[in-house]
Amino acid sequence: MIRGKFITLEGGEGVGKTTNLAFIKDYLEQHDISVVATREPGGTKLAEKLRQLLLDKKSEAISEQTELLMMFAARSQHIKHVIEPALAQGKWVLCDRFTDATYAYQGGGRNMKISVIEGLENLVQGNLRPDLTLLLDAPVEVGIERAGKRGVFDRFESEQISFFESVRRAYLLQAELYPERIKIVKANQPLADVQRAISDVIRTLLGLGGMNNAVSSGRRRSLK
Ligand code: TMP
């Protein structure tokens, strides 16, 4: 059985992850790929409970360290019960956020030590890293405005603009550190253009080559 591929979708608040996750899932299924779509924090019963606790504004103050450990506790559960079994069965896993979000939010936003995050990443994930990460990037104000239209803000969404600026910077730094794996997609453009850019990257991963010039041949080779 050929192991499936692990794709993650990242970005700040309100960049359109949900819409584009559904788009990618459809796209892969049209190419006869069996896809498990999931999210973090969450993806198992216990991890979804941890998610609720993490997003609840009314809970007791959650320390930065507790928050970090809860993210990795949820992740550990998710990997063992959902991600690894699916990949082993040859399914592709499409995950709304993964460890780059921890580098961005807990590392960038909360200023937690990167070496500590790395240590937990190695402990919880072993060798597991995404094969491809799509980073939807937009100016912070654009995302916050979109997120605001969805209704009440959760514990993270209630943070200051400066927090989200740090999150965005940390995401872009991750993309700089791992250019082979992380592809930046500009999210503040018409949805059709966002999805054209996304499908180009996915086609490359499928070995079909890009339909337009958004992905150069050098990057195409590097994704295989
Ligand atoms: P969502 O907005 O994608 O539903 O994610 C829920 C929140 O969790 C979001 O504000 C980002 C945050 N988060 C972290 O802070 N660290 C992480 O590792 C993950 C996966 C999410």
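How many aromatic pairs does the structure hold? I get six aromatic pairs, where rings of Phe, Tyr and Trp (its six-membered ring) pair if their centres lie within 6.5 Å.

Housekeeping before going on. This is a predicted model, so I keep in mind that local features need pLDDT of at least 70 and side-chain atom pairs count only at pLDDT 80 or more, while totals for chains, interfaces and linings use all residues. Residues are numbered from 1 along each chain as its sequence is written, and side-chain values use heavy atoms, with hydrogens and water left out.

**Rings.** I looked up Tyr105 and Tyr171: the centres are 6.4 Å apart and the planes are at 85°, so I log the pair as edge-to-face (under 30 degrees is stacked, over 60 edge-to-face, the rest tilted). The two are 66 residues apart, with Tyr105 in helix 4 (residues 99–109) and Tyr171 in helix 7. Helices here are DSSP runs of H or I with at least four residues, strands are E runs of at least two, and both are numbered from the N terminus. Tyr105 is buried at 5% relative accessible area, and Tyr171 is buried at 3%. My cut-offs are under 20% for buried, over 50% for exposed and partly exposed in between, with a 1.4 Å probe and protein chains only.

**Contacts.** Leu136 touches Val185, Val194 and Ile198, among others, not counting residues up to four places away in sequence; contact means heavy atoms within 4.5 Å. I also checked Lys186, in strand 5 (residues 182–186). Leaving aside neighbours within four places, Lys186 is in contact with Asp137 and Val194.

**Surface.** Is Leu177 buried or exposed? Leu177 counts as exposed, at 51% relative accessibility, and its place is in helix 7 (residues 161–177).
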